[in-house]
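I opened the file to look up a few local features and keep notes as I went. The entries are in the order I made them.

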Amino acid sequence: MFKKQKVKRVIFTLFLLSSFPILYCQDPTILIRSVFTEALTDLTAYRNLEYLCKETKGRIVGSSQAEKAVQYTFKALKDAGADTVWLQKVPVPSWQRGIEKCSIISSLHGTEDLTIAALGLSEGTSAEGLTLNVLEVHDFEELKALGKNRVEGKIVFFNRPVDNTLINSFSGYGSAVNQRTAGASEASKLGAAAVIVRSATHFTDDFPHTGVTLYAAGVKRIPAVAVSTLDADLLSRILRDDPALKVHLVSTCRNLPDTWSYNVIGEIRGSVKPGEIITVGGHLDGWDITEGAHDDAGGCVQAIEMIRIFSKLGIRPKRTVRAVMFMNEEVSGTGGRIYAEEAAKKGESHYAALESDRGVTSPRGFGFDAKGERLEKLKSVSSWFAPYNIRDFDEGGGGSDIAPLKALGALQIGYMPDTQRYFAYHHSANDTFEQVNIRELQLGSAAIASLIYLIDLFDL
């Protein structure tokens with residue numbers, strides 16, 4: 001079986017290379033091996049990740065830490081060998097976390113402290129906070145069934161867990177995350193004073209997982225916090241025993257005027273079709289309570305590493321290849337939109353775009369937003385990745401930062417690592433540099449660089 005696959009791969013390679021100039025007639029098997037060797041024997045990506053995690057921790061949009069990350073990655077792209085590096089101005093919101101305290105007050109169980117984190121863009125409480133009764137619900141239908149008379153003036157506790165039966169961890173996350181993004185708005189419509197939301201994670205631990213919450217137009221903005229899964233279970237148990245308990249909540253976060261930040265862009269100019277662009281990127285911003293190693297300093301570092309590997313090995317792509325550190329993915333997505341808007345204004349031709357924003361655990365493959373003949377051609381490159389145990393090449397792919405490029409014709413590609421551990425870290429203080437395995441980071445960097453090389457080489 002292996003011999004048949006090898007013969008097919010050789011025939012396919014010879015067929016494709018017959019249409020290329022001598023410049024590109026290098027056996028992809030040899031070059032890809034060189035890419036993996038370079039990635040696996042160099043520490044630059046790991047050191048870049050360490051700096052972003054330890055020196056720009058808490059790089060939420062609008063913060064000094066985010067700006068420090070901008071300046072660092074600007075230099076890192078230059079050092080990596082990019083032909084050109086520049087900053088692209090992006091409007092961003094500004095929100096600051098304040099004092100956070102939460103405790104159960106029960107006549108049966110006494111006082112129990114809860115571990116919380118305010119949700120991004122949430123309204124804050126006063127310094128004195130709120131002391132109110134609590135209603136536990138699991139979805140918006142249950143909330144609406146209670147009606148305004150029961151909800152008004154209370155704290156709504158959304159306690160729907162992630163569906164652990166779903167093998168795709170992102171599907172599991174999707175089964176619960178709407179209570180974080182829209183729970184405050186839905187509860188406010190019925191007069192709730194605040195919301196507490198179970199953290200959207202598969203794991204039972206004491207890390208609250210933050211994230212943005214959004215309010216519908218005309219709806220009163222009320223305080224919204226995430227509670228750790230351990231403490232969500234605790235609150236639920238005590239509520240069953242003592243429905244009359246109260247919760248004291250203090251969260252003095254505040255929304256500030258919008259400000260400016262930057263996308264960071266570095267490119268290697270194409271040698272044959274410089275007007276056609278392939279973008280590879282991650283988002284540079286993170287949440288203020290975390291180092292943001294997996295989400296998404298690692299994705300940014302992998303994009304920089306692609307530039308470094310191409311430069312080090314002398315790979316001159318036919319098309320212009322860009323590494324982009326997008327700003328403000330976490331809150332309102334302006335970095336991706338501005339990048340696409342500026343591209344449209346300049347009349348740029350975007351051939352493909354790849355996003356790495358699912359963590360930097362062991363690489364499994366790539367998803368492609370394509371169908372028919374093009375999808376089959378893209379899937380055919382899997383044979384070059386088989387020696388590295390990277391085998392999943394399927395329909396899918398994309399990401400929120402590169403999505404606006406689809407309107408410009410860019411093929412959407414998603415980097416797909418093993419995501420079973422991802423939501424142990426996502427949006428929490430558990431997402432640290434120490435949670436990243438250097439070898440997994442390096443293998444992912446090599447896989448991304450190799451895929452971009454093949455897409456450019458074979459016009460896939």
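This is a predicted model: local features need pLDDT of at least 70, side-chain atom pairs count only at pLDDT 80 or more; totals for chains, interfaces and linings use all residues.

**Entry 1. H2 against H11.** I looked up how helix H2, residues 28-40, lies against helix H11, residues 293-313. Their axes come within 10 Å and cross at roughly 115 degrees. I recorded the crossing of H2 and H11 as right-handed. Which residues make the contact? From H2 I listed Ser34, Val35, Glu38 and Ala39, and from H11 Glu305, Arg308, Ile309, Lys312 and Leu313. By class, the contact of H2 with H11 comes to four nonpolar residues, one polar and four charged.

Entry 2. The peptide bond from aspartate 295 to aspartate 296 is cis, and its omega is near 0 degrees. Aspartate 296 belongs to helix H11. For context, most peptide bonds are trans.

**Entry 3. Glycine 292.** I went to the loop between S11 and H11, where glycine 292 is found. Is glycine 292 buried or exposed? I have it as buried, because its relative accessible area is 0% and the cut-off is under 20%. Leaving out neighbours within four places in sequence, I found glycine 292 in contact with Arg59, Ala297 and Asp431. I also took a C-alpha to C-alpha distance: glycine 292 and lysine 54 are 9.7 Å apart in space and 238 residues apart in sequence.

**Entry 4. H12.** Helix H12, residues 334-346, has 13 residues. I computed its reach from first C-alpha to last as 18 Å, which is close to the 18 Å expected at 1.5 Å a residue. Which residues of H12 are buried? I listed Thr334, Gly335, Gly336, Ile338, Tyr339, Ala340 and Ala343. I then looked up what covers the buried residues of H12, and the cover includes strands S1 (84-96), S10 (254-268), S11 (273-283), S12 (319-326) and S13 (349-355). Just after H12, I noted a positive phi of about 70 degrees at glycine 347.

Entry 5. Most residues other than glycine have a negative phi. I noted asparagine 328 as a residue with a positive value, near 75 degrees. Asparagine 328 sits in the loop between S12 and H12. I classed asparagine 328 as buried because its relative accessible area is 0%. Another entry is aspartate 459, which is not a glycine and has a positive phi of about 55 degrees. Aspartate 459 is in the segment after helix H16 (438-458). With a relative accessible area of 31%, aspartate 459 is partly exposed.

**Entry 6. Cysteines.** How many disulfides does the model have? My count came to zero. I checked two cysteines to see why. The sulfur of cysteine 53 has its closest cysteine sulfur in cysteine 300, 11 Å away, so the pair is too far apart for a bond. The cut-off I used for a disulfide is 2.5 Å between the sulfur atoms. Cysteine 53 is buried, at a relative accessible area of 0%. For cysteine 253 the closest cysteine sulfur is in cysteine 102, at 13 Å, and that is also too far for a bond. Cysteine 253 is buried too, with a relative accessible area of 6%.

**Entry 7. Two asparagines.** I looked up asparagine 430 in the loop between helix H15 (422-425) and H16. Asparagine 430 is buried, since its relative accessible area is 14%. Not counting residues up to four places away in sequence, I found that asparagine 430 touches Phe207, Ala424, Tyr425 and Gln435. For asparagine 430 and phenylalanine 207, I computed 7.0 Å from C-alpha to C-alpha, across 223 residues of sequence.

Asparagine 149 is found in helix H6, residues 148-151. I classed asparagine 149 as exposed because its relative accessibility is 76%. The C-alpha atoms of asparagine 149 and leucine 190 are separated by 8.2 Å, with the two residues 41 apart along the chain.

Methods: Residues are numbered from 1 along each chain as its sequence is written. Side-chain values use heavy atoms; hydrogens and water are left out. Axes are lines fitted to C-alpha atoms, for helices over the stretch in contact, and angles run from 0 to 180 degrees between N-to-C directions. Helices (H or I, at least four residues) and strands (E, at least two) are DSSP runs, numbered from the N terminus. A crossing is left-handed if the near helix is turned anticlockwise from the far one by less than a right angle, and right-handed if clockwise. Contact means heavy atoms within 4.5 Å. Ala, Val, Leu, Ile, Met, Phe, Trp, Tyr, Cys and Pro count as nonpolar, Asp, Glu, Lys and Arg as charged, and the others, Gly among them, as polar. Buried means under 20% relative accessible area, exposed over 50%, partly exposed in between (1.4 Å probe, protein chains only). The expected span of a helix is 1.5 Å times one less than its number of residues.
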